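Let's take a friendly walk through a protein model. Keep the sequence and the picture at hand as you read.

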Amino acid sequence: MSSLLRIILQRLGLGLVTLFVVSIVIFVAVNLLPGDFAEAILGQGATPESVAKIREDLGLDQPLIVRYFEWLMGMLTFDLGTSFAQLNFANFGGAGSVTVAEQIAPRLSNTMFLATVTACIAVPLAVTLGILAALYRNTAFDKAANMFTLSSISSPEFFMAYILILFLAVLNPIFPSLSNIFDGMPFSERLEKSMLPALTLTLVVTAHMMRMTRAAIINLLASPYIEMARLKGLSPMRVIVKHALPNALAPIINVIALNLAYLITGVVVVEVVFVYPGIGQLFVDSVKIRDIPVVQACCLIFAAAYILLNLTADILSIVSNPRLRHPK
Amino acid sequence: MSRLLTIKGLKIEGRSDETWNPIINGVDLELNKGEVLGLIGESGAGKSTIGLAAMGYTRDGVRISDGTVEFDGIDLVNASAATKRSLFGKRIAYVAQSAAASFNPAHKLIDQHTEAPVQHGVSNRSASVEDGIELYRKLRLPNPDEIGFRYPHQVSGGQLQRAMTAMAMSCRPDLIIFDEPTTALDVTTQIEVLAAIREIVEEFDTAAIYITHDLAVVAQMADKIKVLLRGDEVEEADTRTMLSAPKEDYTKSLWAVREFQRPQQPPPPDDAVPVVSVRNITAAYGTTDVLHDVSFDIHAGRTVAVVGESGSGKSTTARCITGLLPPRMGEIAFDGEVLPADYRKRTKDQLRQAQMIYQMADTALNPRKTIGEIIGRPVQFYGGLRGAKKRERVNELLDQIELEPSQYYNRLPSELSGGQKQRIGIARALAAEPKFIICDEVTSALDQLVAEGILRLLADLQDTLGLSYMFITHDLATVKSIADEVVVMKDGKVVEQGPKTEMFTPPHHAYTDLLLSSVPEMDPDWLTDLLKERGVENIGDAAVDKM
């Protein structure tokens, strides 16, 4: 068990190094974006003097390296900085400055909520469908499941979203078509309002996971130990679930992790369609007005989500393998 | 005696390229309760296919096209999947060739053991766990109370094979199919498994079909023997008759293989410089030493056989000689000149001198390259030949390994048989024009007749080219037929070495003796006598441990 702990700590350390490298890439890339906040906010009336003034106020005139280390130190103390946009409003006599953290936190929690709801539907669905497809491979069921999931993944997300709205909100008003959730909304109502975006995302992510489950299991069916299980007279279902699935877990877990990461980072379109106040929308809006601190913070959160989920997948894969759990 | 299994006119077809080709062309088989039938033949003879068909089971892409299989009055060919499932594991059990691959790596042994009795409703879990432990004890597994609670990767191959026999016994079936259960094991381990299987089959009066390509093994196990050749029955007789008076030429030829013997060459003059000299090698993987102070010489035109069980350090020694694993201490000398320990520091000419032929020709040849490219690569790399000259040299090499160049030059490895692939491996080694070749278990994956062809080819090449061989093997029959000198290894040490004739005449080192006496002989009483001689408690592993 101590070796397992060592592996986990090792991976965690590597994850932190990766995150550090990614932070450099993010910082450089964001600062290479053409145009800057000052120009974007002043628009047509931008005179060189006013641009310089705002740049100085925001510290944009400092060298890149200095700004990077200031930002990095902030990150290390969980100070994500202050949003340019909000800062500006404060200067023009608004209601006090809002930090990036305050701005991101509710959005992130909304996104996590949607991702969780989707995962709760999609993962069991995909794995079950995958197992059934492997069990009844090459039958009509298998082909239908494949075709359905493939067509849902190949259609654009907004298209799937509008189809669902048409059938589940307009023709049969089961769920609301707007998902404008807000703080303090009771859980059941939140859940109801998030249902359509969650279903849309389920359609998008199920195919990958289902097909990987099916392929990983079928890949093992030629193994001698599967033949042995059959020759012990076990039922086909037991052969698949008890003998093939435990050995197919590693690739399945990895695909699930990738899809969960996608649910956190890649759902802008769905958020826009359903007016869901998630982090994706905030991110896109911030890019538009060059609100650099928010963009950087979002990027870093996305990167951390990817790294953390893949790390979890790695660890679970190790734990699912008795060779690594119980060394000789 | 009452009849248990009757197979009549069994025909089986296999699918390839959209057509069904015959694999078994009408075989009859009868088995009474408590009787053991040995099925013997080379690979491709259809032994395993018949064994599985005796359960009414066929692998994907294979079908029973004609004939009947009747088990205790039940027609297995037309039985529903559910009927078969109710028999499998409960009344008919199967023991596979590789226990290591046939145990599910994700579950503990005992959980796999109890699965059949619990699922078939023969017993409950706790009773079946107890019974499992009892069977482990009967099969003389070490720590029978605990071994079942380990995962397959924590248990050795021979122990797994016995655990699988125990698993097959879990429901006390009427019939067990043993599909080459000892082929993958060392001789000393094989004895133990054979003894255990025979004892338990006798005790529970279980009928068995014992599939193997090793005549000496089947002689110990079977009441009667059926010989197969490419899907046809050659002959069947009770064991003693079959061994003493085989009728058919093919059966006689199977017997004859064991008689190939190359005369031992005279010892080299005292002042001769050995081609390869291994001097006091100690080598480690990580921090554990796996070789301890290994020394031996290989002289020009001679064959040194390195024998020992798996894990004894034979292949590690080869890795040290080739420089893949630089030894921690000691040195390798070639023609008296000490070589750099790491292959990366050796010159091209030093690398050229020592070549290797591998056990699994399948994995040692690049499946995407043609034979011409595979052999042409070292011709170009070491000889610097290109174009027409390279082609000419490749053709010459193909001639040397007795394959028609025009036919094989453009083929892919997948289009060759196992023996032909091994010949390509030999040609690739020869392409470098080496003085010395390491043959790592080159015949152990091959049938006896094919293996004999390879051994003869290697012997001829040695005569014409003056090659020296280091022959790594665990098969003492191979040693007898080809070696000039023998090095016996155990636990990374050399326990005995000397000329072959000396090694095969007593007195031996105790371990050499154990190895030699563990090689099955054709005498059907051999195992019984040996067990009596060694004492029941002192077979195989147990005997090794005491040294």
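## About the model

This is a predicted model, where local features need pLDDT of at least 70, side-chain atom pairs count only at pLDDT 80 or more, and totals for chains, interfaces and linings use all residues. Residues are numbered from 1 along each chain as its sequence is written, chains are lettered from A and ligands numbered from 1 in the order in which they are written, and side-chain values use heavy atoms, leaving out hydrogens and water.

## The sheet in chain B

Strands β13 (residues 303-307) and β18 (residues 468-473) of chain B pair in the parallel sense over 5 bridges; pairing requires at least two bridges found by DSSP. Here V307(B) sits opposite T473(B) in β18(B).

## Where chains A and B meet

The contact (heavy atoms within 4.5 Å) involves 26 residues of chain B and 22 residues of chain A. Across this interface there are 3 salt bridges, each a side-chain nitrogen of Lys or Arg within 4 Å of a carboxyl oxygen of Asp or Glu. E115(B) makes a salt bridge with K232(A), with the closest N and O atoms 3.1 Å apart.

Technical notes:
Helices (H or I, at least four residues) and strands (E, at least two) are DSSP runs, numbered from the N terminus.
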